[in-house]
Amino acid sequence: MEPLRDHFSHRVHYLDTATYGLPTEAGHQAALAAERDRAAGRLDLAGMDRAVARSRSAFARLMGLDEHRVAIGSQVAPAVGMVAAGVRPGTRVLLAEGDFTSLLFPFLAAEERGVRTETVPLDRLPDAIGPGTGLVAVSAVQSADGALAPLDAILDAAAAHGARVLVDATQAAGWLPLPADRIDLLVCGGYKWLLAPRGTAFLAGTEEALSEVPAAGANWYAGKEPWNSIYGTPLRLADDARRLDVSPAWSSWAGQAPALEFLATVGVSRIHAHDLGLANRFRAGLGLPPGDSAIVSLDAPAGTAERLAAHAVVASVRGGRLRCSFHVSTTEEDVDRALDLLTG
């Protein structure tokens with residue numbers, strides 16, 4: 001089978017997919033071609049619609065969902081905002097302490113109209129779900145340190161108490177197997193582990209949960225027939241998840257489609273084994289026990305990320321700790337180069 005690294009053209013040791021994913025060469029060329037066509041006044045809009053349709057289909061395939069339950073957007077926060085807009089005043093919303101603010105802020109802002117939020121430690125979320133809980137919103141993988149949410153326990157507790165669960169899969173989709181068929185609502189940004197240019201996102205879920213999300217961003221692209229929905233009344237939205245679509249950033253979707261098709265072809269199980277294997281090779285080289293995440297967070301002296309960068313190793317700092325993340329663009333050579341610099 002063709003090595004995963006052969007699909008990429010970068011020349012650095014890249015350990016930072018948790019910040020942004022590197023494009024496959026096919027995805028990169030597709031996005032560039034769309035921009036060249038736009039500059040030449042020859043952008044194929046029907047082709048851009050096909051890129052959106054291909055992306056929706058490949059994302060659904062990657063997640064094990066029906067594509068009619070997948071809406072497209074541009075960023076995670078507006079998608080979460082639509083969900084938050086449908087939460088009734090007085091509803092108790094549970095959040096994880098320290099979670100990414102694109103998931104937290106829409107619900108915190110909803111406190112102005114009577115939504116009640118409560119934050120608890122990530123590992124205590126299942127126990128905090130009770131009869132008064134209406135919604136639990138949590139990232140499947142924490143951005144700061146790669147910690148995995150106890151999703152099965154959260155979903156079990158939520159089902160027992162009639163609560164909905166919203167999962168942000170931005171740091172998980174593409175490498176971590178997820179019980180997507182059990183999740184009421186799922187949001188995901190495409191520019192990290194899904195290898196897209198910035199400007200793609202997804203909102204998916206069960207038909208029942210999606211039907212309760214107000215089309216607060218209703219627009220022409222959410223129409224039943226988008227190109228016949230650009231002028232005038234009446235309101236004529238699609239009758240599936242597409243009613244929540246946002247008008248697409250064309251060149252971003254041109255790059256997203258081949259990237260998602262690549263990931264869906266490789267398969268989450270193979271990617272999970274690859275990514276986790278590299279992360280645990282890194283952990284072992286630092287004398288750390290094996291972990292369950294493709295993101296590794298560790299204490300390091302100030303300036304470590306800059307020193308790594310000076311030797312063509314790209315990582316990041318989050319929460320005052322060095323954060324390294326391992327994906328399909330990463331090789332054992334990349335891991336060993338970072339270890340040489342960190343332990344030599």
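**Figure 1. Ala312 in the loop between helix 10 and strand 10.** Ala312 belongs to the loop that runs between helix 10 (304-310) and strand 10 (313-314); helices (H or I, at least four residues) and strands (E, at least two) are DSSP runs, numbered from the N terminus. The model is predicted, so local features need pLDDT of at least 70 and side-chain atom pairs pLDDT 80 or more, while totals for chains, interfaces and linings use all residues. Residues are numbered from 1 along each chain as its sequence is written, and side-chain values use heavy atoms, without hydrogens and water. The phi angle of Ala312 is positive, about 65°, although the residue is not a glycine. With 28% relative accessibility, Ala312 counts as partly exposed (buried is under 20% relative accessible area, exposed over 50%, partly exposed in between; 1.4 Å probe, protein chains only).

Figure 2. Leu195 is a residue other than glycine, and its phi is positive, near 65°. The residue sits in the loop between strand 7 and strand 8. Leu195 counts as buried, at 2% relative accessibility. In another part of the view, Thr233 and Pro234 are joined by a cis peptide bond, with omega about 0°. Pro234 is part of the loop between helix 7 (207-211) and helix 8.

**Figure 3. Surroundings of Leu244.** Leu244 is located in the loop between helix 7 and helix 8. Its relative accessibility is 3%, so Leu244 counts as buried. Apart from neighbours within four places in sequence, the contacts of Leu244 are Ala71, Ile72, Met82, Leu203, Leu210, Val213, Pro214, Ala215 and Ala222 (contact means heavy atoms within 4.5 Å). From Leu244 to Ala222 the C-alpha to C-alpha distance is 6.0 Å, and the two are 22 residues apart in sequence.

**Figure 4. The aromatic pair of Trp175 and Trp193.** The structure contains eight aromatic pairs; rings of Phe, Tyr and Trp (its six-membered ring) pair if their centres lie within 6.5 Å, and planes under 30 degrees apart count as stacked, over 60 as edge-to-face and the rest as tilted. The rings of Trp175 and Trp193 form a tilted pair, with 5.9 Å from centre to centre and 45° between the planes. This pair links distant parts of the chain, 18 residues apart: Trp175 is in the loop between strand 6 (164-168) and strand 7 (185-189), and Trp193 is in the loop between strand 7 and strand 8 (201-205). Trp175 and Trp193 are both buried.

Figure 5. Phe282 belongs to helix 9 (residues 268-285), and Phe326 to the loop between strand 12 (321-325) and helix 11 (332-343), so the pair ties together parts 44 residues apart in sequence. Phe282 counts as buried at 0% relative accessibility, and Phe326 also counts as buried at 0%. Elsewhere, one aromatic cluster is formed by Phe59, Phe202 and Trp253.

Figure 6. Two packed helices are described by the angle and the distance between their axes. Axes are lines fitted to C-alpha atoms, for helices over the stretch in contact, and angles run from 0 to 180 degrees between N-to-C directions. The axes of helix 1 (residues 25-39) and helix 8 (residues 250-266) lie 7 Å apart, at an angle of about 155°. Helix 1 is therefore roughly antiparallel to helix 8 (under 35 degrees is roughly parallel, over 145 roughly antiparallel, 65 to 115 roughly perpendicular, the rest oblique). Ala26, Gly27, Ala30, Ala31, Ala34 and Glu35 of helix 1 make the contact with Ser251, Ala254, Gly255 and Pro258 of helix 8. Helix 2 (residues 45-63) crosses helix 8 at roughly 35°, and the axes come within 8 Å. Among the residues in this second contact are Met48, Val52, Phe59 and Leu62 of helix 2, and Trp250, Trp253, Ala257 and Leu260 of helix 8.

**Figure 7. Helix 9 beside helix 11.** The axes of helix 9 and helix 11 are 10 Å apart and form an angle of about 20°. Helix 9 is therefore roughly parallel to helix 11. From helix 9, Leu278, Arg281, Phe282 and Gly285 meet Glu332, Val335, Asp336, Ala338, Leu339, Leu342 and Thr343 of helix 11.
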